Amino acid sequence: MEQLHWVRFRCQQLWAANHTQGWYSPPRPVSDKYSPQRSAGKRRTVLARWGPHQDEYHSISKAYKGNAIRTTKYSLLTFIPMNLFQQFHRAANLYFLFLALLNWVPVVEAFQKEITMIPLVLVLTVIAIKDALEDYRRYVFDKKINHNTTKVYCTKERDYIDCCWKDVHVGDFVRLSCNEIIPADMLLLHSSDPRGLCYIETANLDGETNLKQREVVSKMEEMEFVPEDFHWRIECENPNNNLCRFRGYMENPSGARVGLHNSNLLLRSCIIRNSEAVVGIVVYAGHETKAMMNNSGPRYKRSLLERQLNTDVLWCVLLLIVMCLTAAIGHGIWLKQLKNPIFEVGEETSPALAGFYVFWTMIIVLQVLIPISLYVSIEIVKLGQIYFIHNDVDLYNEHTDSRIQCRALNITEDLGQVQYVFSDKTGTLTENKMVFRRCSVYGVEYPHYDNGRRLEVYSADKEEAGRCSLTPRSSSRRKSLSCRSLSCNHSSVSLNTLTADSEEEEELSCTSQCRPSALAKEVVPDCELVTKLSWLCAPDLNVAHSCAKASSSLELAFITDFFLTLAICNSVVVSSPAQSLNVLPQAQTPLRSLEEIKLMFQRFNLSALPALPTLPPPLKSSLASKIFTQGKTGSFTVPKLAAEGCDQTPNPEHFSVNGVMDAPGEEEVPKLMFPEAAASEDAGAVEPEDTVLYEAESPDEAALVYASRAYHMTLKARSADSLQVELPTGGTVQVPLLHVLPFDSNRKRMSVVVRHPLTGQVVVYTKGADSVLMDLTRSPTGLQLAQNVYSHIRLQTQKHLDSYAREGLRTLCIATKTLEEEEYEVWLKTQLLAESSIENREELLLRSAQALETNLTLLGATGILDRLQEEVSETIEALQRADVKVWILTGDKQETAINIAFACKLLCPSDQLLTANCEDKESCAVLVQDFLHRVTCYVPDDSGTGSPSTGSPSTGSPTTGSPSTGSPSTGPPSTGPPSTGPPSTGPPSTGPPSRAGSVLVIDGHTLDWALQPELQGDFLELSKHCKAVICCRSTPLQKSQVVRLVRDKLKVMTLAVGDGANDVSMIQVADVGVGISGQEGMQAVMSSDFAISRFKHLRKLLLVHGHWCYTRLANMILYFIYKNVMYVNLLFWYQFFCGFSGNVMTNAWVLILFNLIFTSVPPLIYGVLDQDTPVDVLMAHPEFYQRTRTSKDYVSLMFWLNILDAFYQSLVCFFIPYFAYRDSDIGELSFGSPINSSALFIILLHQVVESHTLTWIHGLVFLLSAGSYFAFVLLLSVFCVTCSPPTNPLGVETMQMSQPAFYLVCILTTVTALLPRLMFLALKNSVTVRGAEQWSHSPSVRGSCPDVEPTGPVLS
Amino acid sequence: MASGYNAKEEDGHIGVVGLGGASLRGRKPENTAFKQQRLPAWQPILTAGSVLPAFFIIGLIFIPIGIGLYVTSNNIREFEIDYTGVEVSSPCYNCAQNFSWHSTTPCTCSIQFYLHQAYESNVFMYYGLSNFYQNHRRYVKSRDDSQLNGDISSLTKPSKECEPYANHDHKPIAPCGAIANSMFNDTLELFYIDPNGTRVPVALSSTGIAWWTDKHVKFRNPGGSTNLTAAFQGTVKPVNWRHPVYELDTDPENNGFINEDFIVWMRTAALPTFRKLYRVIQKKNNMAPTLPRGNYSLQVQYNFPVRSFEGRKRVILSTISWMGGKNPFLGIAYVTVGSVCFFLGVVLLFIHHKYGNRTNNADITN
């Protein structure tokens, strides 16, 4: 069983804690976020605002925040100082500031003072505008929210009056009607519902749309609620961000206390549903509400590329220093040679000092070399990249209407570097849409072949779905079902059933995603079980006898209890569109008929023995006729039909044969399978259960309830203290609900304590993980016969559980226990004590529950199918081809995990399976060593023939190969004794050599040992040699430990993907955390960097967007640095001709704006739009992903290549004009003009050469860039008479551009500068395109399984 | 009521800023070419095959251009005389030795030279200086454009940039600054020596040597050009100058700040070795060459010191073409680059021939 399944649901459970008891918190917290904080001494007291204690109210509540929210960072007045203050926390801005200040020192002044301020001012302005816009958006939103109105009680008016949200205070009474949003966290004090219930929808908070039940504070519902007389004093925790916990008590002046729980709290921003009016008292307001405290800002992570970039920037700094030093020394030497020249200005300074000054001047002049604006550009580029990811229609899920959410804004390029993917199983790889598949009761397995076939048909119909319209689907389905069943092979349940056709299914459920789909709702009952059950209400003895020869009355009691457990031991919310939720339909119990069954039950249960088929109750016929006369034909007909059907078909094979032979029988088959449908065809018989819907937090709960409904044990309604269940006999009984002991991850089970509707005894029904429950069940001490029976049941059930797990089903055990009244009384005391305590209630409740759940009687087990999401295997295959290692970290059983791994093609039949189950550290060490040896000696290419020599003597053993198609007789892949048989794949060398690898399967215990420091190394070494690793039965903590280990020790980029609360820690640890917004709320999404809705989206996200983002950003950064180095070097070369004096041949404005404006947009466009490889190629050839990623030295090698190229280009760009204008009457600026223009052309054309795609946007940007430059310099040369002293740009450009030499120089310079790169690229592409060609022509290289049928090792 | 209200957006933290504002339903991204990154794009894949033609074309275009430029440059007549007077044999040796900015008796020297070819078109007479760092940062800055533009206030109160050549004896210097102060002040005269031995002065035009924009827009005399002496009242001449600025020329259109020699000097040279236009010898109307071949004499009034920085002074006589003065570099460079391109084109052709068939069918990225 999955131990962690419960963990995952814990939070959702707590959400809707629809029980009067509190809840348990695990001693070891799942994550720090939810660690129970001891709140002793940290309490808040809340009094009614208009209540009797006015004075006290004001003194206490002063410190409490009002309900107005302000999420803005700045106000109008503080914006400029605060924003500036915040901005100067960035190193980049400080650098600019430093430069600007440096320019104020007269001796080193390079440009006019205002010019060096430009970059700083520009950057500050851009960011300030961005901040201001964001803040304004927040402000508008705040304002809107603050001015929402709600009804608040006012003493003067003695009524509830409209009031803005912002004017709501702690202690106010607020009245809300249906569909209103809750303005603040408040305690529910009154509800129009007679039982004091109210439902809230938390979609705004966590995205879950199912309703959560809330209840009025106990004892309050009894009295009439009058706000004036509310004199209770509320003590509760201080505000915290734990959505799932609320503790406190209410005390009235007489000292009586009432406990307060999460189920009494209405959370801000949830919506009231299904309740006409509710009144609550505000306990937390505004920023102190749980909803607000849970809002944290976007995540900030540093991407790997940015870290690499920092080293490159350091190189740039070094380069700058070298250049400045060169200039300083050069200037010193130059000055030394001169003797009082006439061009020397100013007083005599020593060459050394002058050199020192020049050093700083040069830093100002060459400041562009430090790509500070690069950081701003990177941010902008990432925003652009995220914009495109966000808008990708392929990452949009039609059914949930959700796009991908990019929550971390700055690690887009890390998506292109992932080497390890750690995936959760349930809900991530699988749908997390549970379908009841089969069950075992009383040690007898009910394989539900028809149900299985139905699931298969769903898969098979996937292809036809395109043609079939949806409306006639159900009828055609029924027909095809009956036809298909004829040819169906019972012996194998193919793993096809594991792969989902969610498309079709989701179309059915798209209207309400949380509602179980039709697939989950329809369960085809197993006819044998139906037969047995029908005996309960069989009209006469003959049928019962003929049908239920093998069944004993004890078995019948077991079956009844089994389904009763399925129906009531859960926390589902029953809703029906037809009738109001909160009105419990009056039970119409056919008392007399039930009494008979009651008698029967009492007899079975009290005596429990002898288990002999002795007693057919004599009154069956009368019971049946009673039902008949009450008009319950529908529900009666079915069992009867079923019984007949089973009469004809004693076993499934016969049944299908019969279907062919017997034409009239065929008409009955559908009816048998769809009893409800059949029944509803009966005119007049309106079946209420057709309209009943169940909303459960965990999908498998709903699946079980629907399963029990299929057997006509229908949960019809529930309230806080009772459940209404319709029995197969047609009667409806009230089941008094005494206690609910909800799930928690430690107990891994859930129990309900009820008074049995028939026997009146106190009964505990428990369902839970088999690993736990099997130990808690005991054979009742007593007669030998009973012992035998029970141990037989246990044995059989265990066998069935194992086989379920191998099939990939999720297993649950069902057990029960009858309590004596005295026993119950004793337990009740401890329980009440635990409930009423405040301090360590969780612990006490846990203990109390554990005390109750002992000596249970095992009833049976269920197997629930959780199908794979669509395209999971394709995605995993693509990831593996991209050389991304996929690990599955799951809490599931080993067998289940392996099966899922087969189904999603993570495992191939030809793979070597290394299973590690160790009891202690020593054996673990030995085993890991042994595996390591084996793996390193293992030659993958020989996998076909050579099998690993012998099985390991240790507990774990490698089992090579697994049965391929159609050989279900072969042993299970991992259980049992070490099998050393050769792989059962056919001829060893069929097709391409399947690069079979080793797959390590490790369980939670062994993982604990392997994660210890001494074994870490070996474990990692082993895992490096393995194609995949499957960690089963791992805890959330282990998951995060594994991720951390791999991330830190192997220094690789890790990605964790999961959907539930138990994946949160793993997602947070990984470099890239991906949350799947699925059935399990938003926990994972909230902590993730990227949130997707299907696993398959990972493929495009990584292979396409990751690849693009990485190459784009890497190329953009390289280009940016190239651009700066290239341009700055022009200025540097000039120093050799101006005595290293720090002069420039350009107007200072042009110089500064050249980088800031004229050439700033093209790199951005390059970084946002470039596509080095088209989508379809990236999707079809995941190997490209590998190529990008493995080129680690790519960045540093390319960095130096680019620097070199920049040096070359700047040399060309400077010296061609130099030689062309040498010894002429060229002026300073006239000389700079062709250099600048050439530099612009070179820089732009360099990008054209480097770009992989050029669209009209590129063209436009290039034109604008060049245009803006020429417009600027021309305007300057026409209008700038004295505007830019001391440079003298007037007439320079107009003069230059009127001369042909200018153009000749520009053309020559540009062409010469770009020649080498053009040549290099041409040569490179001519050679490397061959690589791409290889991929495009050879079949998939690695990772994928050879094309066997997707059916894995299926055992039934 | 407020059905669109969404706590996730409550404080704008969640989702992409500015992008998360879509309505709750119908969040399907627009399927436009831009948003789906499917804009029609040109994908330049630079392989040997595709670059090949470009190389040949560049080669084919550059080589003729280069040859043309080279020929043009070769057709330019240019003659250069160094008159620094470093060598003892030089006629100006004496003048160079005893130099003073303020010597009242001008030292004159005369250099004889022979032109082997006649100069047909307009001849430009340059003076050339070597190792003179007119592009020194502090030198370049040392000027006041407002003053030169005729601004009265700047005339009396020169900009700080001019320091230490802004004031002299507590009077503002006009024109201020180091550039003006170090203005080239040699006087050059050219004589054609007839075959019969008579010295015929060659007419040197001193106007039209500065840029039109400088002469008419940038440089202006204060208070118009009516009475320059009055206009410059209260200012002193630059330290090194022998005459005040209003005595640079007798022609009122070429005096004061708008003196063209001054303007030419004020446009600082880009490189330490430079030439500046001194005079233009206009072609006469008749068919006779501007400068016939024969003996010439250059008479230099030696004022400008270059020895302190080991500079050189030259006089250059040159005709010009459409592409400027004589400079074979561009032509040679064009021919070289063109040839290199052509050669690379051949290399690429070879590579294309070798890998061509592969690159063709591997064009999967298209």
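What follows looks at the contact between the chains, then at two annotated stretches.

Keep in mind that this is a predicted model. Let's start with where the chains touch. Chain A brings 125 residues to the contact, and chain B brings 108 residues. Put together, chain A and chain B bury about 10400 Å² between them, with carbon and sulfur atoms giving 63% of that area. On the chain A side, the residues that lose the most area to chain B are A:Ile342, A:Phe343 and A:Val345, which together make up 7% of what that side buries.

What about charges and polar groups? Three salt bridges turn up across the interface of chain A and chain B. One pairs A:Asp1223 with B:Arg275, and their closest N and O atoms are 3.5 Å apart.

Which helix gives the largest share of chain A's side of the contact? That's helix α46 of chain A (residues 1300–1337), with 22 residues. Sorted by class, the chain A side that touches chain B has 66 nonpolar, 39 polar and 20 charged residues.

Now for chain B. An unreviewed UniProt entry places the feature "transmembrane region" at residues 45–71 and 329–351 of this chain. Here is how the model draws those two stretches:

| Stretch of chain B | Helix | Strand | Distance between end C-alpha atoms |
|---|---|---|---|
| residues 45–71 | 89% helix | 0% strand | 38 Å |
| residues 329–351 | 100% helix | 0% strand | 32 Å |

Methods:
Residues are numbered from 1 along each chain as its sequence is written. Chains are lettered from A and ligands numbered from 1 in the order in which they are written. This is a predicted model: local features need pLDDT of at least 70, side-chain atom pairs count only at pLDDT 80 or more; totals for chains, interfaces and linings use all residues. Side-chain values use heavy atoms; hydrogens and water are left out. Contact means heavy atoms within 4.5 Å. Buried area is the accessible area (1.4 Å probe) that two parts lose on being put together, summed over both. A salt bridge is a side-chain nitrogen of Lys or Arg within 4 Å of a carboxyl oxygen of Asp or Glu. Helices (H or I, at least four residues) and strands (E, at least two) are DSSP runs, numbered from the N terminus. Ala, Val, Leu, Ile, Met, Phe, Trp, Tyr, Cys and Pro count as nonpolar, Asp, Glu, Lys and Arg as charged, and the others, Gly among them, as polar. UniProt positions are given in the numbering used here, feature names are shortened, and annotations may be inferred rather than shown by experiment.
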